[in-house]
Amino acid sequence: MSNINILIADDEDKMRQVIKIYLAREGYKIEEAINGKDALEKFKSSSFSLLLLDVMMPEIDGWTVCRKIREESSVPIIMLTARGEEYDKLFGFELGVDDYITKPFSPKELIARVKALLKRSNMHHKTDENNIKINHLEIRSLAKQVFLNAHEIFLTPKEFDLLYFFAQNPQQVFSREQLLNKVWGYDFIGDARTVDTHIKQIREKLGTYKKYIHTVWGTGYKLKIGE
């Protein structure tokens, strides 16, 4: 696992050291950033497999760091936050956050979240080799691009994962809980409304083709092939 490099960005030295100790025990290489500006500089100068970003950091906050990174990279991002409000989580998911860990957290939870996200990211690199074309929709898996009528639409990494999963399983109905497990890659700790939020965002970006994501009342969602 020595080829896995993780960036920990948190202005609390004690927090960084605790996280570093537990992740280093798993064989991961660790780099540290003391604020948002430092995090962006280190991200641009090195290659990382995963980022742990504290929300409240001096210089540049975690939200802004996430947004800037998402402009050029789909690297997995876990936000560290002392706040657990649903609004914060939904806002983060809209920016492209992959997961949350609310302080205080147990070392076991931290390791489990990191391993699950790294595993899913690695699976994408190994298996996402086929493009999918359904009606007016084209998904280029390796490039992480989505096109409607040959015009590219831009999705966050999690929106892409969700749409790609639907495209891999057209006409099959999935409950919110199944989508959380399949797309987020583990038993998600949080509100199933997270799925609804992502569905809403994808539909908005699909525009006149928003009915591709079909609601099956009382059950869940599916990708509807017919016009």
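Analyst: What follows starts at the annotated residue, moves through the strands beside it, and ends at a second sheet.

This is a predicted model, in which local features need pLDDT of at least 70 and side-chain atom pairs count only at pLDDT 80 or more, while totals for chains, interfaces and linings use all residues. Residues are numbered from 1 along each chain as its sequence is written, and side-chain values use heavy atoms, with hydrogens and water left out.

The annotated residue is Asp-54, which UniProt lists in an unreviewed entry for "modified residue: 4-aspartylphosphate". UniProt positions are given in the numbering used here, feature names are shortened, and annotations may be inferred rather than shown by experiment. Asp-54 lies in strand 3, residues 50–54. Helices (H or I, at least four residues) and strands (E, at least two) are DSSP runs, numbered from the N terminus. Asp-54 counts as buried because its relative accessibility is 5%; buried means under 20% relative accessible area, exposed over 50%, and partly exposed in between, with a 1.4 Å probe and protein chains only. Leaving aside neighbours within four places in sequence, Asp-54 is in contact with Ala-9, Asp-10, Asp-11, Gly-62, Met-79, Leu-80 and Lys-103, where contact means heavy atoms within 4.5 Å.

One of these contacts, Asp-10, is found in the loop between strand 1 and helix 1. Asp-10 is buried as well, at 0% relative accessibility. The side chain of Asp-10 reaches the backbone nitrogen of Glu-12 at 2.8 Å. Beyond four places in sequence, the contacts of Asp-10 include Met-15, Arg-16, Ala-33, Ile-34 and Lys-103, along with Asp-54.

Next comes strand 1. Five of the five residues of strand 1 (residues 5–9) are buried, so this strand is largely enclosed by the rest of the structure. Asn-5, Leu-7 and Ala-9 point one way from strand 1, and Ile-6 and Ile-8 the other way. Strand 1 pairs with strand 3 in the parallel sense over four bridges, and Ile-6 has Leu-50 as its bridge partner in strand 3. Two strands pair if DSSP finds at least two bridges between them. Strand 1 also pairs in the parallel sense with strand 2 (residues 29–33), over five bridges; here the partner of Leu-7 is Glu-31. Together with helix 1 (residues 13–25), strands 1 and 2 make a right-handed β-α-β unit. Right-handed means that, with the strands pointing away from the viewer, the path from the first strand over the helix to the second runs clockwise.

Strand 8 (residues 145–148) and strand 9 are joined by three bridges, with Phe-147 partnered by Glu-152 in strand 9.

Technical notes
A polar contact is a pair of N or O atoms within 3.5 Å; within protein, one must be able to donate a hydrogen and the other to accept it, and residues adjacent in sequence count only if both atoms are side-chain atoms.
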